[in-house]
Amino acid sequence: MTDAARGAGLAGTVPVLIPGILRSYTAGADRIDLALPVAAGEGAPTVGAVLGALDVRCPGLRFRIVDEQGRIRPHIKIFCAGDLVRDLGAPVPPGAELMLVGALSGG
Amino acid sequence: MPDATKGRPTRRGTGGVRLLIATRKGLWTLTGDAARRSWKLAGPHFLGHIVHHAVADPRDGRTILAAARTGHLGPTIFRSGDRGRTWREAAVPPAFAPGSGRSVDHTFWLTPGHASEAGTWYAGTSPQGLFRSTDGGATWTGVEGFNGHPQRKAWCGGDQDGTPDGAKLHSILVDPRDPKHLYIGMSSGGIFESVDGGADWRPLNAGVSANFMPDPDPEFGHDPHCVRLHPEQPDRLYHQNHCGIYRLDRPERRWLDIGAAMPKSVGAIGFPLVLHPHDPDTLWVFPMDGSDVWPRVSPGGKPAVYRSTNGGRSWQRQATGLPAAQAWWTVKRQAMTADQKPTVGVYFGTTSGELWASRDEGRTWRCLARHLPHIYAVEVG
C-alpha cells in the first residue's frame with residue numbers, strides 16, 4: 001500500500017467525506033469509501049463517476065448536489081485532493097480524497 | 001364530459017381539521033377538534049428544509065406530499081403514506097430533460113390528480129415547469145407538451161423573468177369532470193389551458209390587465225398570483241392577479257374584472273384567493289399594498305380579509321379579531337385556505353410566522369400559532 005493510499009483509504013477505493021447536510025443519505029456516516037472498478041487501460045475515474053457510484057450506494061444524494069444538467073449546485077463545493085472541482089469530468093487521481101461541502105448560504 | 005359528481009370528493013365530515021403549515025424552515029401541523037376551538041401544534045418535520053408546499057391527497061386520506069429543498073441542497077419531494085408519521089424521498093424528483101439546459105430550482109406547487117386517476121399528481125416548479133407522477137409522487141416526468149412546447153419560452157420569458165423568488169408555475173387545476181382538462185398559472189406567463197391532458201396548451205388571459213407590459217392587453221405574459229376553480233361548479237374560475245381580481249365563467253374566454261369593486265383605499269392587489277367549497281359565489285382575498293414600490297403588506301398596517309358573496313360584485317371587510325394597526329403582514333399565494341365544514345373555516349399564515357383562523361367564514365379571527373418561521377403554504381390535510 002502506498003503512503004497516499006494508506007492516508008486516504010484502501011488502494012482502489014475513493015474516500016468521500018460527507019458533510020452533515022447529506023448524512024441523512026449515509027445513515028449518519030461522515031465518510032464513504034467507494035470501490036470503483038477501473039478497466040485495464042483506463043485512466044483515473046472522474047468526479048462524475050465517483051458521484052455516480054456514491055448515488056448507487058446512497059440513492060438520491062447526487063441530485064441534491066448536482067442538477068439535471070450535470071452542474072454542481074450553487075451552494076455546493078466539491079474538493080478533490082484539496083483542489084476545488086469545477087467540472088464533473090475532472091479526474092480523481094489515485095489516493096485522492098473527495099470532500100463534499102455545503103458552502104455559504106443565506107439565513 | 002363525465003358527470004361532475006364523479007369529481008374530487010368533498011369532505012364535510014364532523015371530525016376535526018388538520019392544517020399542513022409549510023414554512024421556510026420546515027413543516028408543522030396544527031390539529032383542531034371538531035368544534036375548531038382547541039388546537040394542537042406539532043412538528044417540525046424536515047427542520048431546516050425550505051418547504052414550499054405540503055398537500056394531502058383527498059382521494060385516499062393518507063398520502064401527503066411535501067416539496068422541499070434546503071439552502072444548499074437541490075429540490076426534492078418527500079412522501080408520506082401514513083398521514084405524516086413516516087416519510088420517504090421521491091426516487092426521481094421533478095427534473096428537466098438532460099440537454100434542455102434548464103434545472104429545477106425548487107418545486108413550488110403540488111396538485112393531486114383527478115379522482116379517477118389514483119396516484120397521479122402534478123407539480124409546478126421554479127423556473128416554470130410542469131411535471132406529473134403516476135405513482136403517488138415516487139417518480140416524476142416532465143409534461144413535455146408544456147415543458148417542450150415551441151412557444152414555452154415566448155410565454156414564460158427567460159428563467160430569470162419572474163417573481164423575486166424565481167419564476168413559478170403554480171395553480172395547477174384539474175377539471176373534476178375531465179382529467180384531461182387542465183389549467184395552469186405562471187408568474188410570469190399568464191394562465192393557460194389544456195384540453196388534451198397537457199399535450200398542448202393555449203393562453204387564457206383575455207381581459208386581464210398587464211400594466212407592466214408595453215402592450216397592456218397582451219395574449220400572454222401576465223402575472224396571475226393564484227387561480228382557483230370551483231369544485232362544484234368547475235366552469236367558474238377566479239384569480240388574484242398582480243393587477244387585480246378576476247372571474248371567468250366558461251365557456252367565456254374573457255375574464256371579468258371583479259377587483260374594481262374593492263375599496264379604492266385598499267386596492268385589489270394580493271397573492272391568495274380562497275373559494276367557499278360549497279358556494280361558487282363566495283370567495284376571500286387578502287389585500288396587500290401594491291402602490292408605488294409594491295410594499296406587499298397589509299395596506300396601512302391594518303390587516304383585513306375581504307369577502308364577496310356575490311361573485312365579486314361587492315366586497316365586505318372582515319377584520320374582527322385581527323390587529324387594528326401596526327401589523328405589516330404578507331400572506332403568500334398558497335398560505336390561505338378553507339376547510340369543508342358546513343360553516344366554513346378560513347385560515348391564513350403570514351410571512352412573520354403567525355397562523356390565523358376563522359371558524360365563522362371570516363366574521364371573526366383568532367391567532368392559533370405564533371413564532372413559526374416564514375409561512376409559505378397552509379393546506380387542510
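R64(A) is tucked away in this predicted model: at 1% relative accessibility it counts as buried (under 20% relative accessible area; over 50% is exposed and anything in between partly exposed, with a 1.4 Å probe and protein chains only). Because the model is predicted, local features need pLDDT of at least 70 and side-chain atom pairs count only at pLDDT 80 or more, while totals for chains, interfaces and linings use all residues. Residues are numbered from 1 along each chain as its sequence is written, chains are lettered from A and ligands numbered from 1 in the order in which they are written, and side-chain values use heavy atoms, with hydrogens and water left out.

What does R64(A) pair up with? Its partner in a salt bridge is E89(B), with the closest N and O atoms 4.0 Å apart; the term stands for a side-chain nitrogen of Lys or Arg within 4 Å of a carboxyl oxygen of Asp or Glu. On the chain B end, E89(B) is partly exposed, at 21% relative accessibility. The count between chain B and chain A is 1 salt bridge.

Now for the rest of the interface. On chain B, 25 residues are in contact with 19 residues of chain A, where contact means heavy atoms within 4.5 Å. The size of an interface is often given as the accessible area lost when the parts come together. Here the two chains bury about 1500 Å² between them, with 47% of it on carbon and sulfur atoms; buried area is the accessible area (1.4 Å probe) that two parts lose on being put together, summed over both. In chain B, the residues that lose the most area to chain A are H72(B), L73(B) and E89(B), together 41% of what that side buries. Across the interface, 12 residue pairs are in polar contact, both residues being at pLDDT 80 or more (a pair of N or O atoms within 3.5 Å; within protein, one must be able to donate a hydrogen and the other to accept it, and residues adjacent in sequence count only if both atoms are side-chain atoms).

H49(B) also touches R64(A), and its other contacts beyond four places in sequence include T23(B), R69(B) and F78(B). H49(B) sits in the loop between β3 (39-45) and β4 (50-56) of chain B and is buried, with a relative accessible area of 17%.

How many salt bridges turn up over all chains? A search of the whole structure finds 17. One of them joins D175(B) to R177(B), with the closest N and O atoms 2.9 Å apart; D175(B) is buried at 0% relative accessibility, and R177(B) is buried at 12%. R236(B), R247(B), D249(B) and D281(B) are linked in a network of salt bridges.

C58(A) is buried, at 3% relative accessible area, and C80(A) is buried at 7%.

How values were computed:
Helices (H or I, at least four residues) and strands (E, at least two) are DSSP runs, numbered from the N terminus.
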